[in-house]
Amino acid sequence: MPRSQKTSEAAALRDALQRGEVIPYFQPLVAMRSGELAGFEVLARWPRSDGTMTPPAIFIPLAEQAGLIDLLTMQILRGATLTAAAWPDDLRLSVNLSPLLLRDHTLAERVGEIIRQSGFPLSRMIFEVTESALIDFTETAHGVIAELKAMGAQFAQDDFGTGYSSLRQLQALPFDKLKIDASFVRTMTQQRNSRKIIAAIIGLGISLGLSTVAEGVETSQQADMLAAMGCDLGQGWWFGHPVPASEVGGGIADGRWNRPPLEATANAASDIALRLEASPTQRLGQLQALYDGAPMGLALLDTQFRYLSLNQRLADIHDLPVAAHIGRSLAEIGSDLFTAVEPNLRRALRGEAVTNVRVRWAPASRPGQVRQFVISYYPVRDEDEHVVAISLAVIDVTERADDIVLNAPHLAAEADPALARAAATLLTRRQLDIIRLTAEGLSVKEIARELKIAIGTVKAHLSRAYQLLGARNRVEAIMRARLVSDVVN
Ligand code: C2E
Ligand code: CA
Ligand code: CA
């Protein structure tokens with residue numbers, strides 16, 4: 001824009017703000033799995049006298065340059081929270097905050113004041129901050145964020161993955177949510193790299209305890225795929241366009257933005273989503289979160305039998321911290337056990353799942369003590385079906401009577417009764433068979449061959465079964481499926 005035009009646009013924006021003409025629109029955010037409306041993001045709109053709308057991509061930068069962003073934000077915040085005050089209590093409100101505003105140490109106090117007046121609780125607010133070179137990790141920015149968080153608000157990193165500073169910013173500031181940038185979502189059904197980045201972001205979210213929101217979801221295929229990948233919330237035209245305040249209340253009352261819970265489909269989406277999409281590093285992040293809750297020792301080994309990850313329970317077997325294992329091989333740690341397990345590791349490396357092998361161990365470090373384990377070895381395959389890692393499940397049965405030992409895997413399932421119930425009541429025989437084969441490390445293709453049914457049918461059964469198991473992603477599904485298959489065997 002030429003300079004003179006810019007100045008006159010800035011003057012027009014100033015006038016519009018004074019007349020209260022820049023107004024909030026609301027775009028629904030929907031929980032991916034349950035299909036329930038979770039809240040709205042506020043998007044500023046500037047309708048002009050000639051009937052056109054100037055897009056925020058133009059007037060937000062203009063407001064930032066003309067020193068109007070503070071005024072604009074406060075007006076939007078006031079308008080939006082007044083509207084939101086009438087909503088049911090489970091709905092949240094997301095508001096975009098320009099990184100420039102984080103330079104003002106009075107911000108939290110002023111935001112708090114506006115929100116008190118409108119009667120919408122800060123504990124239901126999320127501030128979205130774009131990843132930006134503008135953000136300097138100053139004490140002021142930290143202070144403002146800390147104050148708002150202390151008042152109950154949450155923070156989301158917007159447009160995650162697009163800028164060079166993502167990870168640094170994520171590390172420096174205490175975010176609660178990651179918003180996966182629309183550019184990845186737009187290309188995810190065609191480009192494997194986009195899917196990998198999305199899987200990586202979801203994995204990062206899981207390992208850091210942050211929920212993930214996908215932006216720009218335009219098709220059911222994208223929505224299904226994102227849900228199957230474990231993304232928590234979705235936003236985009238598929239779920240609903242931004243609407244003015246006048247339409248929000250009625251829409252909520254009519255259930256306009258609620259969708260049926262995710263149904264498994266045998267289409268291309270589940271095809272792709274059923275595979276482990278994450279890069280090895282992200283896969284570890286995902287696994288770690290699951291590992292820590294598991295009722296048995298678990299580890300992931302690379303093809304040289306080095307620990308890539310493990311849970312506390314497994315580390316306890318060796319009386320060493322988790323960190324002391326990483327990167328070291330099984331032969332180095334617990335070397336007296338290695339001779340017994342090596343042949344089974346090699347079988348897993350060749351693609352065979354070796355389950356429930358009993359091992360006796362007299363640790364050199366504890367003379368006179370004999371411990372007993374039941375160990376299973378599972379191949380972990382990449383997208384091309386190559387074995388890239390081995391997953392170990394170890395149950396310490398030293399303290400257990402022999403009849404229990406025989407049923408050791410069953411104990412694992414007992415630790416998760418909900419799962420055993422699901423297995424008994426929800427799943428069909430065919431689903432159970434397919435899950436058992438999956439847990440044994442067979443690929444979808446191999447299962448189809450084994451059961452003499454179509455690959456698409458196998459996938460449909462699997463997605464349905466995973467859904468019934470309440471698994472959020474494939475890694476979790478495999479873990480649970482493994483327990484279930486132990487119940488039914
Ligand atoms: P954003 O925060 O990333 O907001 C999402 C943008 O994606 C919005 O554009 C929304 O209308 C658009 N969108 C939503 N669903 C879809 C979809 O399915 N497909 C496509 N192609 N687009 C979709 P919008 O409203 O034009 O806003 C653009 C940007 O302007 C926002 O990006 C945000 O960074 C900024 N912005 C908007 N309102 C405010 C505000 O009140 N304050 C600040 N600081 N920035 C704002
Ligand atoms: Ca945003
Ligand atoms: Ca965004």
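This is a predicted model: local features need pLDDT of at least 70, side-chain atom pairs count only at pLDDT 80 or more; totals for chains, interfaces and linings use all residues.

Residues are numbered from 1 along each chain as its sequence is written, chains are lettered from A and ligands numbered from 1 in the order in which they are written, and side-chain values use heavy atoms, with hydrogens and water left out.

Start at the calcium ion (ligand 2). Its donors are Glu41 (OE), Asn96 (OD1), Glu128 (OE) and Asp158 (OD), at 2.1 to 2.4 Å. Donors here are N, O and S atoms within 2.8 Å of the metal, or 3.2 Å for Na, K and Ca; water is not among the atoms, so sites may look incomplete. Along the sequence, the donor residues of this ion follow the spacing E-x54-N-x31-E-x29-D. Distant parts of the chain are linked in this way: Glu41 sits in strand β2 and Glu128 in strand β5 (residues 125–130), 87 residues apart.

Glu41 belongs to strand β2, which covers residues 37–47. Its relative accessible area is 5%, so Glu41 is buried. The term buried means under 20% relative accessible area, exposed means over 50%, and partly exposed is in between, with a 1.4 Å probe and protein chains only. Glu128 is likewise buried, at a relative accessible area of 2%. Leaving out residues up to four places away in sequence, Glu41 touches several residues, among them Tyr25, Phe26, Ser94, Asn96, Glu128 and Gln235, where contact means heavy atoms within 4.5 Å.

Which residue bridges the calcium ion (ligand 2) and the calcium ion (ligand 3)? Asp158 does, and the two ions lie 4.1 Å apart. Asp158 in strand β6 and Glu215 in the loop between β8 (211–214) and α9 (220–228) are 57 residues apart. Asp158 is buried at 5% relative accessibility, and Glu215 is buried with a relative accessible area of 10%.

Most residues other than glycine have a negative phi. Asp159, in strand β6 (residues 154–160), has a positive phi of about 50 degrees. At 22% relative accessibility, Asp159 is partly exposed. Lys452 is another non-glycine residue with positive phi, near 55 degrees. Lys452 lies in the loop between α19 (444–451) and α20 (455–468), and is exposed at 73% relative accessibility.

Gln372 is placed in strand β14 and is buried at 18% relative accessibility. Its side chain makes a polar contact of 2.7 Å with the side chain of Arg358. Residues touched by Gln372, again not counting those up to four places away in sequence, include Val359, Arg360, Ile395 and Thr398.

On a 1 Å grid over the protein atoms alone, a cavity is a set of points where a 1.4 Å probe fits but cannot get out, and lining residues have an atom within 4 Å of a point. Grid points are joined across faces, edges and corners, and a volume is the space filled by probe spheres set on the points. The count comes to five cavities of 30 Å³ or more. The second largest cavity holds about 140 Å³. Its lining has 14 residues, with Tyr307, His318, Leu330, Leu337 and Leu392 nearest the centre. Elements giving two or more residues to this lining are α13 (312–317), α14 (335–349), β14 (371–381) and β15 (387–396). The largest share, three residues, comes from α14. By class, the lining has 12 nonpolar, two polar and no charged residues. Nonpolar covers Ala, Val, Leu, Ile, Met, Phe, Trp, Tyr, Cys and Pro, charged covers Asp, Glu, Lys and Arg, and the others, Gly among them, are polar.

Technical notes
Helices (H or I, at least four residues) and strands (E, at least two) are DSSP runs, numbered from the N terminus. On a 1 Å grid over the protein atoms alone, a cavity is a set of points where a 1.4 Å probe fits but cannot get out, and a pocket is an open set with protein on both sides within 12 Å along at least five of seven lines; lining residues have an atom within 4 Å of a point. A polar contact is a pair of N or O atoms within 3.5 Å; within protein, one must be able to donate a hydrogen and the other to accept it, and residues adjacent in sequence count only if both atoms are side-chain atoms.
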